[in-house]
Amino acid sequence: MANDMMEAYLYEMNTLLESLDEMVLGAEDRKTFSQEDVNEIFRIMHTIKGSSAMMEFDNLMTVAHRIEDMFFIIRDKGMEAVAEELRPELFDLIFQAIDFFKAEVEKLESGASLTEDIDSILANIKSFSNKIQGKADDEEPAAEAKAEPEAPAASEAGGHTSSKFPFGIRVFFDEGAGMENLRAFMLASAVRDSVESESDFDYYPADVDTNSETSAIVVDEGFSIRFLTDELRQKALAVVKDAGSVGNYNLFEYEAPEAQETQAAPQQAEPPKAQAAAPQSTPAAPAPAAQQGGNNNANKNQKESLISVNLSKLDELNAVVGEIVITESMVTASPDLEGLKLDNFTSAARQLRSLTDQLQDVSMSLRMVSVSATFQKMRRIVRDMSKKLGKEVNLVLEGEETEIDKTIVDSISDPLMHIVRNSMDHGIEENVQDRIAAGKDPVGRIVLSARHTGSEVIIEVIDDGQGADDEAILNKAMRQGLAVPGVDYSHKDILNFLLMPGFSTNVEVTEYSGRGVGMDVVKSNVESVGGTVSISSEKGHGMTTTLKIPLTMAIMDGMEVSVGDSVFTVPINNIRSILKMTNGDVIHDSTKGETLRVMDNFYSVVRAKEFYQMEKGQDEIDDGIILWVESGDNSFCLFVDKLIGEQQVVVKPLPDYVNNYGIRNYGVTGCTILGNGDISIILDVASIYAASQAG
Amino acid sequence: MDTMTEMTADTAALAPDEEMVEVEVNKYLIFLSGGIYYGVDTKYVKEMLTQWETSVTWLPMLPPDIRGVINLRGGVVPIIDFRLMMGCMPEDKFCTVILDMEGTQIGILVDEVDQTVDIEKNRILPVPRQSDMSAQKMVTGMYSLPGGKKTLMVLDCTQLLYGHQ
């Protein structure tokens, strides 16, 4: 089977399952499916069914088909058909199905063979379908009556024309295209998406998705799609024109055969009825859509305008764009031009610059994805664990829209999962009474937040559970041989034990966490992308785990400064002010430290030359420049030789070879290539502060 | 892998007198540093620079043998002074060999590049261990060049890239 077909299939499945997961979670919170949800699930299952059939994954197709059937009942009879007490079962059932699909997709991705045995899940679906159907039949006999008028329509659909849907398109596929029935079915699905209402059209043969024999009919007589109005037909026509393998199509209209006039008469009375029914169902759909707000709309748009691109292509693009930016400045700032007055050249160069800037912004933004999808996954974990552990927990997401580099998103997914599991398992109190006694809300709370600072993404997991018990941790650390008796460990040291390999405070190993490979794996994963993990906690007041990850692929505004022969880039975000001071302004303290008074506050001075033990550079405050910098709550004065100027720079990571020497701890986090091809070192103000305090 | 087999075939064709025993033959680049000849497997050699395209940027807080980083067509490549690494005094005359191992690149400053030779794997002899100097760890074997005048130290590129940590 064609590889790109498989890739497209997997991509589609993953996207569908993710949006399904998200939607069902949301619905579970509201304890019901809105009409819109039901339609959406129906649509997703329909698509899964269709594309799985096309790929010949029968088990996936069957399960999707059954769920589709089940939701057909729900859609028909309304959510009221599912009694309150049955709903948790329904949600569990859908989650079970989602997990099944996900597991199968994973198997496909890794090349493993698919599960053959799908009987148990089918049995579950079947028994549930029976339950809601049995109940619905008693309560709503009207439903059946309503369904009845469709029956003659269906039986009458023995030909290509239909009185109910007078406007038709007949499609012939390319000769020898193969699998005509499935192609027809895919086409019908696409048409459904475009006309947005199933009750406004039908197609013949109607059982193309399940009956492969219809393939012959489609080949010989064509595949007919019929609509209520000409307008809808025109809409669908665009879809048909775009669809693959469509060889030929023609339009036709229903004309009542004269010989059957008497028979046709009552049938012709039907269209107005059907049309009357249509307005009933259509207003129902937009209403909940409006309720859900822009979110849903955005989703819909995404579906149509997303393409999947190989990451390596993006990397290539970024590399080329980076080169263009550098080459552009090499050309426009070429020393050959010095002293020449070139008006046309200068104006063209200015335009080129603004275009390359734009190009760079766009190409950088391509790799950025929001953390939303990763965060949403945590919802599911919290949901499952809170059921299993019997702890009620509210997950709060903050800064979901924060965009970070795709590779970083991938690398924090597992660590986050570990941390959230830990919070659920060890953090939130076992017993609700303990929470109430401590004066907390009986419902636990876990906050997942993401935000940007100038040079880093900060992701925090905050729970309001029982926090870390220093004594218990220390005892455990001693037992594990991580701590030595008799040494006085600070609170911070003790928390650091949590991040060490082989440490697990829980006495019992549970299903979710506590295999002793928790936090140290988190630590190493985060460190692999150059980040850091820190934990803060107070007994009884929960725990905060913070991941700080540098933005390795980013553009930022930097101030170029020089010290001796070296050029450094300080992020503009961190600079509060640039000052010229004199030796007399410096206040010395007893430990040789220097401070400066800026705006009625004292700040310590860090001399870049001394800090980095450089040979050349200014020693006199009078001859240099003071950068008053700030990062978070830390503020200090950085003394450098000269200002070179402001520049937008592309942040490049330093090679691992040099990173392994821990220069990151000294504020050397990355570098950038300047217009003349030289490399400038990007300084991280926070690390310089930390290192200067420690030294 | 393809080039490997090609190379083996080539050498077999060049030396028809030898027995047709399958012996792994690798091409080595020989360079001179501090009066000693060293060899690196050419599959790791990406290119040689005889002069700086751009100047080397010094990085703070690193051991002295790491001279800094250079901009190699948009890539940032660390530069190591091979003389300093091997415990010799630095000199002004040098050329740069860029090594690439699975995408990880480093440049080493050497005195001069000599030639490339084919070396049969089984002719590389073990190094007698004399000291625990870390520089010695990078040398995995010794080989006498035909003609007998030159003896070269065969470098382990993995050690060069990762053994330094």
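## Two helices meeting in chain A

A:Leu187, A:Ala190, A:Val191, A:Ser194 and A:Val195 on helix α8(A) meet A:Leu232, A:Lys235, A:Ala236, A:Val239 and A:Val240 on helix α10(A). Being in contact here means that two C-beta atoms, placed from the backbone, lie within 7 Å. Helices are DSSP runs of H or I with at least four residues, strands are runs of E with at least two, and both are numbered from the N terminus. Sort this contact by class and you get eight nonpolar, one polar and one charged residues (nonpolar: Ala, Val, Leu, Ile, Met, Phe, Trp, Tyr, Cys and Pro; charged: Asp, Glu, Lys and Arg; polar: the others, Gly among them).

Keep in mind that this is a predicted model, where local features need pLDDT of at least 70, side-chain atom pairs count only at pLDDT 80 or more, and totals for chains, interfaces and linings use all residues. Residues count from 1 along each chain as its sequence is written, while chains get letters from A and ligands get numbers from 1 in the order in which they are written.

Now for the geometry. Helix α8 of chain A covers residues 180–195, and helix α10 of chain A covers 230–242. Their axes come within 9 Å and cross at roughly 130 degrees (axes are lines fitted to C-alpha atoms, for helices over the stretch in contact, and angles run from 0 to 180 degrees between N-to-C directions). The two helices are therefore oblique to each other (under 35 degrees is roughly parallel, over 145 roughly antiparallel, 65 to 115 roughly perpendicular, the rest oblique).

## Another helix pair in chain A

Next up are helix α3 (residues 58–77) and helix α4 (residues 87–110) of chain A, which pack at an angle of about 160 degrees with their axes 11 Å apart. That makes α3(A) and α4(A) roughly antiparallel to each other, and α3(A) passes α4(A) in a left-handed crossing.

Who does the touching? From α3(A) come A:Leu60, A:Val63 and A:Ile67, and from α4(A) come A:Ala97, A:Phe100, A:Phe101 and A:Glu104. By class, that contact has six nonpolar, no polar and one charged residues.

## An open sheet in chain A

Chain A also has an open sheet of four strands in the order β2-β3-β1-β4, with antiparallel pairing. The edges are β2 (201–204) and β4 (246–253), each with a single partner strand, so one side of each is left without a neighbour in the sheet. From one strand to the next, the twist averages 20 degrees.

Look at one pair in that sheet: β2(A) and strand β3 (residues 223–227) of chain A pair in the antiparallel sense over four bridges (strands pair if DSSP finds at least two bridges between them). Within this pair, A:Tyr203 has A:Ile225 in β3(A) as its bridge partner.

## Chain B and its strands

Chain B has four helices and ten strands. Starting from the N terminus, its elements run α-β-β-β-β-β-α-β-β-β-α-β-β-α. Among the contacts in chain B with a separation of 6 or more, 51% involve residues 24 or more positions apart.

Strand β1 (residues 25–33) and strand β2 (residues 36–41) of chain B pair in the antiparallel sense over six bridges, and B:Phe31 stands opposite B:Tyr38 in β2(B). Their hairpin has two residues between the strands, and there B:Gly34 takes a positive phi near 60 degrees. β2(B) also pairs with strand β10 (residues 151–155) of chain B, in the parallel sense over three bridges. In that pairing, B:Tyr38 stands opposite B:Met153.

## Two loop residues with positive phi

A:Asp600 has a positive phi of about 65 degrees although it is not a glycine. A:Asp600 lies in the loop between β16 (594–598) and β17 (601–607) of chain A, and counts as exposed, with 5 C-beta neighbours inside 10 Å.

B:Met61, also not a glycine, has a positive phi near 60 degrees. Its spot is the loop between β3 (45–49) and β4 (66–72) of chain B. B:Met61 is partly exposed, with 17 other C-beta atoms within 10 Å.

## Where the chains touch

Note on methods. A crossing is left-handed if the near helix is turned anticlockwise from the far one by less than a right angle, and right-handed if clockwise. A residue is buried if 20 or more other C-beta atoms lie within 10 Å of its own, exposed if 12 or fewer, and partly exposed in between; C-beta atoms are placed from the backbone.
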